[in-house]
Amino acid sequence: MNYPLTLAKLLGGLLLVAFSLTGHAEKKVTQVTTAKLADITFFQTYTAPATTLSLNESRVSAETSGKILKIPVRVGDSVAKGELLAALDCQENSFRVTRAEAGLTSIEARVTLANQQIKRTKSLIKTSSVSEERLNQQQADLQVALADRSAQYTTIAEARLNQARCLITAPFTGIVRERLAGEGEWINPGQPIIQLIDKERLEISAQISVDLIDTLQQTDKIQLETNQGNYGVAIRQVVPTVESLGRNREVRLQFTDGQALPGSSGRLTWQSTQPYVPADIPVRRDKQLGLFLLDQEKARFHPLANALEGHPARVDLPSNVEVIMEGRQALNNGDSIEQAN
């Protein structure tokens, strides 16, 4: 037997088979289906709990002492700025105003008399009937009277102010939350009578995860959903602190379309500005999640940054690119493909 010839034929046959298999592999084409990115993406919706807060929640207090004559408002009433909340017995303050005004009349008479005396003395000095010392004394008396008149004006103003303080009015438009005193009760300065909540100057407070702050700041439409309805809102301020336990940041927002009632709770809702693909579409290649795209009869792998297994993934591709759907699990980057009929 010619062993060298037999071995040469065997090697030749193996090379022929290997070449045949290689040629077959190079010609292997995977059939796939594709879809436009716009047809498989969606915009992620986020929610967070939120509460409507009043910027003014005041305990309206008395500024003078007295007995409460009436409190014409009740819990839940809406009141306008300047509307009467309570009236005190102002008889004593009225007496003070009367006494102060009477005192002013007396002082005005002293001023008038002093002026007349000075005028008369000046005429007598010309005839040497009186001394310069008398004129000086009368001018000093006039200065004292003028000073007393100025002080009396202040006394009258204070008396009238205390009289006005007997009528306690709403410092802003709001809602009566609580009555803290009753009619017939004696109160002192600083003692609260009515708790009032501002119903016009409102803000929304929401706790947002630090991971979602960017999505909230980038969106152009934010809504507050409550049992009273839905309201458009806009960010006023992202508070520059992070809650250590929940890893949240407080966001303060303002109403742009209507207003909820103070104290209302609801949920803040907004959508991402970038599209997402469902969690089951990305595939993993080389420790990265991504999409296979149709690129001139080739499969091109496009990694998705920050994509996580089992979560929708954000994409930053044109909406008209073709994404490989069926057949993607068997593909590798650069494989030849053809679309199935």
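Biologist: Why is histidine 302 called buried?

Modeller: Its relative accessible area is 17%. Buried means under 20%, exposed over 50%, and partly exposed in between, with a 1.4 Å probe and protein chains only. At 17%, histidine 302 is therefore buried.

Biologist: What kind of model is this, and which features count?

Modeller: It is a predicted model, in which local features need pLDDT of at least 70 and side-chain atom pairs pLDDT 80 or more, while totals for chains, interfaces and linings use all residues. Residues are numbered from 1 along each chain as its sequence is written, and side-chain values use heavy atoms, without hydrogens and water.

Biologist: Where does histidine 302 lie, and what does it touch?

Modeller: Histidine 302 is in strand β20 (residues 299-303). Strands are DSSP runs of E, at least two residues; helices are runs of H or I, at least four; both are numbered from the N terminus. Contact means heavy atoms within 4.5 Å. Residues up to four places away in sequence aside, histidine 302 touches Gly290, Leu291, Leu293, Asp316 and Leu317.

Biologist: How do you know that glutamine 138 is buried?

Modeller: Glutamine 138 has 8% relative accessibility. The cut-off is under 20%, so glutamine 138 counts as buried. This residue belongs to helix α4. Beyond its neighbours within four places in sequence, glutamine 138 contacts Gln117, Ile118 and Thr121.

Biologist: What makes cysteine 90 and cysteine 166 a disulfide?

Modeller: Their sulfur atoms are 1.7 Å apart. A disulfide is a pair of cysteine sulfur atoms within 2.5 Å, so this pair qualifies. The structure holds one disulfide. The pair links distant parts of the chain, 76 residues apart. Cysteine 90 is in the loop between β7 (84-88) and α3 (91-125). Cysteine 166 is in the loop between α4 (132-164) and β8 (167-169). Both cysteine 90 and cysteine 166 are buried.

Biologist: Why are β4 and β6 called edge strands?

Modeller: The open sheet runs β4-β11-β9-β6, with antiparallel pairing. β4 (57-61) and β6 (78-79) each have a single partner strand, so one side of each lacks a neighbour in the sheet.

Biologist: How do you know that β4 pairs with β11?

Modeller: Two strands pair if DSSP finds at least two bridges between them. β4 and β11 (residues 192-198) share five, so they pair. They run antiparallel. Arginine 59 stands opposite glutamine 195 in β11.

Biologist: What makes β5 and β7 a pair?

Modeller: Two bridges join strand β5 (residues 66-70) to β7, in the antiparallel sense. At least two are needed, so they pair. Lysine 70 has alanine 87 in β7 as its bridge partner.

Biologist: Which strands does β3 pair with?

Modeller: Seven bridges join β3 to β16 (residues 265-271), and five join β3 to β12 (residues 202-209). Alanine 48 is bridged to leucine 268 in β16. Threonine 51 is bridged to serine 205 in β12.

Biologist: Which side chains of β3 are buried?

Modeller: Along β3 (residues 45-54) the side chains alternate. Tyr46, Ala48, Ala50, Thr52 and Ser54 share one face and are buried.
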